[in-house]
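Work through the exercises below with the sequence and the structure in view. Try each task before reading its solution.

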Amino acid sequence: MSTEGDSKATVRDISNDGNLNMAQEVCSRKGFCSIRHGLAFILQLCNFSICTQQMNLSIAIPAMVNNTAAAPSKPNASAEWPSTDSQDYWNETLKQFKAMAPAYEWSPEIQGIILSSLNYGSFLAPIPSGYVAGIFGAKYVVGAGLFISSVLTLFIPLAANAGVALLIVLRIVQGIAQVMVLTGQYSIWVKWAPPLERSQLTTIAGSGSMLGSFIVLLVGGLLSQTIGWPYVFYIFGGIGCACCLLWFPLIYDDPVNHPFISAGEKRYIVCSLAQQDCSPGWSLPIRAMIKSLPLWAILVSYFCEYWLFYTIMAYTPTYISSVLQANLRDSGILSALPFVVGCICIILGGLLADFLLSRKILRLITIRKLFTAIGVLFPSVILVSLPWVRSSHSVTMTFLVLSSAISSFCDSGALVNFLDIAPRYTGFLKGLLQVFAHIAGAISPTVAGFFINQDSEFGWRNVFLLSAAVNISGLAFYLIFGQADVQDWAKEQTVTHL
């Protein structure tokens, strides 16, 4: 990582070239082949790995609780297969695999606690992770978090056999490691994302979470039903370990130090950020942050939007399995559909936001609030309507897909707004925002499990009504107090104010 003096000298030298327009032209022709977009796709892969490790327990837990592999009957997945010698051999092999996948007597409350435990310790890590990543760079913070989370994923089956207490402890530690990835990565965009490309770069990286949800839901149920639920953890934990081999040699915190970047792209990035004070400092204007309503608007919005996100992420497989009466394989496939559509829409939303901003069709704050309103209101209405259409499987799935697709607009709205109001404190603020997100994640699945356990028929309705109410309340607060201008406390002259 370069020193502050070297970075300033580089900015001065490049800016003095007076050749920004030519650099913009060169980089615009590169498009998605540029190094900065390559960085976004690598981060997409990292987010993919982390999300599969977050979701794998949600898709595997129906098999962990209801597994009947030890019974002498053939696996459900083979019921419609032709009876041949080779097929009989395969069925016997699957039964041997599944016989090693034990079942557990976990009540809905216990399941809710286990699913929420990933977030119990997570609120301790975001602020230190973001602060350290902002000061020293995100490369090693993110890489270490990815490696720790991936290794712990491999040990989840052993922890489950040892008891619920050990499983919860492991999930808490894993959640802290995942926070290092989800929080630290945003410090990279402070020096890599030109203002007119900020939405698209962050949404490309963020879409990895949706892609991960799609893949783990698509194949997780199939893996659980065939070779056994432990392999859900072995496979996706192994993929995460492999991603670490890609992360460390290819990621650099500053475009100035990247060995493969072209001179034109380097000039374009540095010059586009030359007027933006994004150099981090050790001191923080804590008092000014506490008094900042625009910051509180983002914090409240994060809490409310992630309340709904964690509920859907944790209980979509269970909802489809219990309400639509789908088996594990079909439940995984159906649960994956909303996330693959969301993965596409989150990228399209980022491209649309940057298009509207670059063409000066809408102001930045208008884009942030408009996209947030769309991403909150329509999904809330759709989810509240779900209990009344559950008799139609096709309508239910259509509603779930539309909810996921439209809610992805928030990623170009309030969820990225912190980069606008205080770029120099991106790492710290992302950590602070993650605290609010993980508090929501620690509460919402537990509350949902309580409602569902109390009344299986009306419990889902209450879950969706509460989530919609929380989400709309956060939207109202954000629309009133949200801003997109760099705040006074985030400018250089205030960095010594504590």
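**Exercise 1.** Are Asp420 and Arg368 buried or exposed?

Solution. The model is predicted, so local features need pLDDT of at least 70 and side-chain atom pairs count only at pLDDT 80 or more, while totals for chains, interfaces and linings use all residues. Residues are numbered from 1 along each chain as its sequence is written, and side-chain values use heavy atoms, with hydrogens and water left out.

Step 1. Buried means under 20% relative accessible area, exposed means over 50%, and partly exposed lies in between (1.4 Å probe, protein chains only).
Step 2. Asp420 is buried, and Arg368 is buried too.
Step 3. Asp420 and Arg368 form a salt bridge, with the closest N and O atoms 2.7 Å apart. A salt bridge is a side-chain nitrogen of Lys or Arg within 4 Å of a carboxyl oxygen of Asp or Glu.
Step 4. Asp420 is in helix H19 and Arg368 in helix H17 (residues 364-385), so the pair ties together parts that are 52 residues apart in sequence. Helices (H or I, at least four residues) and strands (E, at least two) are DSSP runs, numbered from the N terminus.

**Exercise 2.** Why is the ring pair of Tyr306 and Tyr310 called tilted?

Solution. Step 1. Rings of Phe, Tyr and Trp (its six-membered ring) pair if their centres lie within 6.5 Å; planes under 30 degrees apart count as stacked, over 60 as edge-to-face and the rest as tilted. The whole structure has 15 aromatic pairs.
Step 1. The ring centres of Tyr306 and Tyr310 are 5.8 Å apart and the planes are at 40°, so the pair is tilted.
Step 2. Both residues lie in helix H15 (residues 293-323), 4 residues apart, about one turn of the helix. Tyr306 is buried at a relative accessible area of 17%, and Tyr310 is buried at 6%.
Step 3. For Tyr425 and Trp489, the centres are 6.4 Å apart and the planes at 20°, so that pair is stacked.

**Exercise 3.** How far apart are the end C-alpha atoms of helix H18?

Solution. Step 1. The expected span of a helix is 1.5 Å times one less than its number of residues.
Step 1. Helix H18 (residues 393-407) has 15 residues, so it should span 21 Å; its end C-alpha atoms are 21 Å apart, which agrees.
Step 2. Buried residues in H18 include Thr396, Met397 and Leu400.
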